[in-house]
Amino acid sequence: MNMSTWAIRKPVPSLAFFLVLVIVGITGFMRLPVTRFPNIDIPIITVDISQSGAAPSEIANQIIKPVESAVSDVSGVNHVTATATDGHANVVIEFDLEVDTDRALNDIKDAIAGAQDELPESATEPNIQRLDVTGQPILTYAVSDPTQSIEALSYFVDEIAARELTSATGIGKVSRIGGADRAIEVELSPERLLALGLTASDVNTQLRQNNIDLGGGSGDLAGQEYSIRALGSAPTLADLAATPITLSGGGSVRLDDLGTVTDGAEDPESFAMFNGQPVVAFGVFRATGASDLTAGDNAKARIAKLAETYPNVTFALIDDATRYTNSTYHAAMETLYEGAALAIIVVFLFLKNWRATLITAVALPLSIIPTFIVMQMLGFSLNTVSLLGITLVTGILVDDAIVEIENIVRHIHMGKPAYEASEEAASEIGTTVVAISFTIVAVFAPVSFMSGIAGQYFKQFGLTVAVAVLFSLLVARLITPMMAAYFLRDGQPTAEAEKDGLLMRQYMRVLAWTLRHRAMTLIIGLAIFTGSIYSATLLPTEFVPPSDTGRAIVSIKLPPGSLMEETRASARDITQLIRTIPEVQTVFVDGKTSEASLRIGFGSKLTRDRSSFEITDELSELLSDIKDLRLFVLSEDGTRDLTISVLGDDVERVSAAAKSLVSAMNALPQIEGASSEAALVRPEIQIVPNAELAAEMGITSAALASTLRIATIGDTGSNVAKFNTGERQIPIIVRMEADAREDLFRLAGLRIPTQTGTPVPLDAIADITLSTGPTSIERYDRQYRTSVQADVANGFFLGEATSAVNALPIAQTMPQGTAIQASGDAEVMGEIFLQFGLAMGAGILLVYVVLVLLFSSFMTPVTILMSLPLAIGGAIFALYIYGAGIGLSVVIGFLMLMGIVTKNAIMLVEFALEAMHKGVDKTSAMLDAGHKRARPIIMTTIAMTAGMVPSSLAIAEGGEFRAPMAVAVIGGLLLSTVLSLLFVPSLFSVVDGARRRVLRGLVERLGANQPPNHPQ
């Protein structure tokens, strides 16, 4: 007794089992977090080290190279990327995915500790931490308050708002954008210092040593224990200004006699503007594993509470990424409902039986809902990838039920009672249904085990589809036949039921012709197969179809050396220009010294007449006339379309090679606006000490650099004196007054202390020249790297542009000592396509194994596998009409087509084999299989096509990613169904004949034994 017969005779256990699954599944669904992308765990460790005042060249040589050498020896390290900027080194260590993140973090800490002695003494303690990949901020707010200074508002964001928000469920961190930190500024007069024989370093040292509160131990007095504290810090700013500074020759002078003492702010490293107005902004990031929607709602509630508590503070919402995530989630669910409804309507139109249709419809919720509890147990979320799997599998989930119910209805039309028909039909179709389901699982499961980051992202996709299909198999074997047995009406055989329609009669005539002319049929099939494979090379490739998220990013870069005020002014002018576009709602500027990023919001695409692509085109045209700026319209993630890395051991060669590559790329029609970071050099003042004079006076280069640093930007880290307000420790920045810092001649007269005690002018012991240097230095796997970036021209795809660049003569033969490497989307696209290709190969192998186990034959599965390419031509043609390239979503569609084509072939071959085992000749068996299996094949094809229609329309937000996949599936489904019904019978006939001849030859020549009554 098989499981279907058991379920029919004992319905209660099956009903109870699925009732529990549905209840638990609904609970799991309610607990699943909703995110835009899957939560992935990539072992990436970052190391940040600062050295105040150091140029990128010094940072690269003195900090990055020792760190690279130390971490590269750690086991499991995959790539090491480093960036040197002014006073800062950032090293990112990427480990193999199999490495535990905590172990990776500890190994890097140990390696850095071993390299600590090689780092400069003035470098800060390395900040080593794991990198949580949580993406961009889910919410961005601008904060304003007319009653507070910019420093006070920044403190409010850092301490009060951040503390309140991070205590809410689902929120990981709050990052401030713009603003400034409070500082006490002591600006010294060079003339006063010279007259009194002091240096800025002397003043800073005395303030640090004297303006401080320290514990002095404890003691007993009059029978009680007292703690001892030495309180030397100035209680007020006036007291700080009156601090006596000891002179080398005796006596002292007040601090404010040496310059000015003011309560101000540190030099800002960034600025923020919202719609042209200066603001302090902050971004809210969700915690790893949390729901975007939960974190967003909790953050908004806390912001509302803060607004009530601090009525003078205004919180303006700049960007809400949860809106797009929420819209995409609801759009995917609506697409699921619409696709399911259309599939059910198709079943009703074919069967014309509302009872049978209802039984089929039950299969969908009973398959999908239990899937949610498995997703929750595996730590999945409802994201773009997993929702894609759910919407993709909609048509497949009713497939098994359709095959079951159609066969049952066919038996009922023979005049059998519903109970008897259900038992017989379910037993007859059992092998087919199991084969179909396990074939689809074998196709999709390998996707979950792809290596690299691709495997991390698509693990949820493959397993979600596989689990849903397995639940649909359970439904088809337990619930569908059981409901049919008790719910369907008994039927009587009628003449009309036996009569074929016009379409079926025409099909049977064509099928009979193909079986009589098998050679001609296979030649035609081979031609279609060849044409399908060739057609796949005609379409361009892309990574991910662009989506209308209602946002765009504009990057502006001023010439290196530009002041922040110039950047602010340029950003303000561009903001006003952008706001002339009617759809633009918000413009937020996140700026640094000589560059800024403008985030532009258009709102939901459902509220606009134009798409974001049309608006972006107008934006590019509007900004094209702006001169003296590097200005690019970027993708939503802030990157350009094409990025290529030029690598080498010599930074000059790398820069020269990158410039040559840029010149060649700009001549290509597929490329727009190619540029290289190597061209960006900034002005700098180079001070080269006279070695002999410096040695005579006991002046070291380190002391020289330290004196200059303190005089120009002040000291940093633990060397900075602090002003105690009671609740906060405010840094005291001691340096020369602004006029002296900005005057090269006065800077040249800066006094440098010597061992003799008499300071000497800087220009007396060193040569001061104006020169240029790099704005930043990048390294990749211990080589220098320069990035070349470009946009793909309108009308072309990423794959076309990448191929055109790779075909350039300079790309084919790079200058000696240099090489190029794909980066950005091109690199990820290549990796993911490779991994999907391997997953498809593994899927085909698993399908073969499954079919061999089910059919107990090595040759019969070959017939089914040889039908796989039949769908490619239809998919390519549909994509060509639609105007899309072969991208990530299309590759996913090809996976689905693999499962569907094998399903059609299985239904035909398995039925024919059953008949042949009963003694029916091969041709008659194939004709009968085509006659009896054509209707369920066409039904499932049209049902799955109907399920894909809502996705293909791409009306809702986020639909641009699913649309090419749906179009490819629809085109491939329609063509593969027709070709399967015509070519698979002839193919099976030829393969089976070859199998019999091979078997007969083995028996005759080798004398192999075979079971009694074995069919030949």
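## Basis of the model

A surface patch is built from residues with over 30% relative accessible area and no salt bridge, where like charges are joined within 9 Å and nonpolar side chains (Val, Leu, Ile, Met, Phe, Trp, Tyr) within 5 Å. A salt bridge is a side-chain nitrogen of Lys or Arg within 4 Å of a carboxyl oxygen of Asp or Glu.

This is a predicted model, in which local features need pLDDT of at least 70 and side-chain atom pairs count only at pLDDT 80 or more, while totals for chains, interfaces and linings use all residues. Residues are numbered from 1 along each chain as its sequence is written, and side-chain values use heavy atoms, with hydrogens and water left out.

## Negative patch

Glu-614, Asp-617, Glu-621 and Asp-625 make up a patch of negative charge on the surface. Asp and Glu count as negative and Lys and Arg as positive, with His and the chain ends not counted; each charge is placed at NZ of Lys, CZ of Arg, CG of Asp or CD of Glu.

Glu-614 belongs to helix α20, residues 612-623. Helices (H or I, at least four residues) and strands (E, at least two) are DSSP runs numbered from the N terminus. Glu-614 counts as partly exposed because its relative accessibility is 42%; buried means under 20% relative accessible area, exposed over 50%, and partly exposed in between (1.4 Å probe, protein chains only).

## Nonpolar patch

A nonpolar patch on the surface consists of Leu-342, Ile-345, Phe-348, Leu-349, Trp-354, Leu-358, Val-949, Leu-953 and Ile-955, which together have about 850 Å² of accessible area. Areas come from the Shrake-Rupley method with a 1.4 Å probe, and for residues only the protein chains shown count as cover.

Helices α10 (321-351), α11 (354-377) and α33 (922-953) each supply at least two residues of this patch, and α10 gives the most, with 4 residues. Leu-358 lies in α11 and is partly exposed, at 39% relative accessible area.

## A buried asparagine

Asn-204 sits in helix α7, residues 200-210. With a relative accessible area of 1%, Asn-204 is buried. Leaving aside residues up to four places away in sequence, Asn-204 touches Ile-710, Asp-715, Asn-719, Ala-721, Ile-732 and Val-734; contact means heavy atoms within 4.5 Å.

## Whole chain

The protein chain has 34 helices and 30 strands, and 52% of its 1016 residues count as buried. Its C-alpha trace spans about 125 × 70 × 60 Å along the principal axes. Of the contacts with a separation of 6 or more, 79% join residues 24 or more positions apart.

The chain exposes about 44500 Å², with 57% supplied by carbon and sulfur atoms. There are 71 positive and 106 negative side chains, and the centres of the two sets lie 12 Å apart.
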